[in-house]
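My notes follow the structure.

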Amino acid sequence: MDTTFDFDHPPDPRGQWSLKWDRYGGRDVIPLWVADMDFRCAPAVLEMLRQRVAHGVFGYVEPGPELLDAILARLEAQHGWAPRREWFVWLPGLVSGLNVACRAVGEPGDAVATAVPVYPPFLSAPGHSGRDLVRVPLRQEGARWRFDPADLEAALTPRTRLLLLCNPHNPVGRVWRREELAAIAAVCERHDVVICSDEVHCGLVLEPGVAHVPLATLSPEIARRSISLMAASKTFNLPSLGAAFAIVPDATLRARVKQVMAGIVHRPGGLGLWATLAAYRDGEPWRHALLEYLRANRDHVLARLNALPGLHAGPVEATYLAWIDCRGAGLEQPARFFEDAGVGLYEGTDFGAPGFARLNFATQRALLDEALDRVAGALAGRAR
């Protein structure tokens, strides 16, 4: 690993308005719940932000051509994708994008499908726009999760207009392969369903030999029924800077997206856009070092969790999130149980999966070990 990047000694987050750390107040709880990292972001990003702050003017901004140049270069180099510049729609965040997509496709009273378990805003966004939610259960086959296109086809209703797809998937950690995406997309083509693909974790593929495939690269026909959501926020730990983008190839769909945003969804902030430029243009050495550290954390966490009675955590191909099946331990509300033991996890019920919990392993290894010791101690005490 590149030792110029220190992931073992992150800055102290306490007293910094941290949602993740301040949730538990003065309690002795190690927070491993919300999906941000404890690590200081890439030096290239910090230097860019220093320059912008030193400039001292924070007026309204529009993304400059060099930002699109950096994004397009990254998409071409990593995914072989060359979207057109006019396809981009700027957003303040990915959750905004999910809600915009629900409003842009169909009408109130129509339905939106998504595969569960899934990141909670996928489950709440349809209702915010007067759409019905259609849940398609992912299949758990051994340690591996699968999105069965037959299940999607059976779940669709005549009024289903949109599929919210998570790829790479949060929380199960799958990177959907090209053939899996093609089978899902074929169902959507048959039923004239638009696909909004949240690809915010595409820079965090941990499994060697596995590659992220942007949905819109499957074919021109699929691209025309797609809204792809992306940002530097997860990969480079920039969520509070509020900058993201949608790529919408179809002109009519893109116009509808912009129409439902008008007067409601604000543009990204300037610091977020400048940080995105630095991350995509100059942040690759840091990202590669980060991935190496996260792979080691992942392997360590999964080995320890799977050695504990009643717990099972499946493979994590991407993200920095472990999805833990706690049903074998008889835990109906595992997050509450482990919080009482001093470890803050994300409750699986919020993802549509009672009996599960999500653990964020993007922190220093010493803190992870302390948290895992507490998890093991809590289970041992319960057994006694």
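This is a predicted model: local features need pLDDT of at least 70, side-chain atom pairs count only at pLDDT 80 or more; totals for chains, interfaces and linings use all residues.

Helix pair. I took helix H3 as residues 65–79 and helix H11 as residues 270–282. Their axes are 9 Å apart, and the helices pack at an angle of about 40 degrees. Angles under 35 degrees would count as roughly parallel, and those from 65 to 115 as roughly perpendicular; H3 and H11 are therefore oblique to each other.

I then listed the residues that make the contact. From H3 they are Glu66, Leu67, Ala70, Ile71 and Arg74. From H11 they are Leu273, Trp274, Thr276, Leu277, Tyr280 and Arg281. Sorted by class, the contact of H3 with H11 holds 7 nonpolar, 1 polar and 3 charged residues.

Sheet. Next I looked up an open sheet of 7 strands and wrote down its order as S2-S10-S9-S8-S7-S3-S4, with mixed pairing. Strand S2 (88–91) and strand S4 (132–137) are at the edges with a single partner strand each, so one side of each has no neighbour in the sheet. On average, neighbouring strands of this sheet are turned by 25 degrees against each other, direction ignored.

Within the sheet I picked out strand S7 (residues 160–166) and strand S8 (residues 194–198), which pair in the parallel sense over 5 bridges. Leucine 165 stands opposite serine 197 in S8. I also found helix H7 (residues 178–190) lying across S7 and S8, where H7 runs at about 165 degrees to S7.

Key
Residues are numbered from 1 along each chain as its sequence is written. Side-chain values use heavy atoms; hydrogens and water are left out. Two strands pair if DSSP finds at least two bridges between them. Helices (H or I, at least four residues) and strands (E, at least two) are DSSP runs, numbered from the N terminus. Axes are lines fitted to C-alpha atoms, for helices over the stretch in contact, and angles run from 0 to 180 degrees between N-to-C directions. Contact means heavy atoms within 4.5 Å. Angles under 35 degrees count as roughly parallel, over 145 as roughly antiparallel, 65 to 115 as roughly perpendicular and the rest as oblique. Ala, Val, Leu, Ile, Met, Phe, Trp, Tyr, Cys and Pro count as nonpolar, Asp, Glu, Lys and Arg as charged, and the others, Gly among them, as polar.
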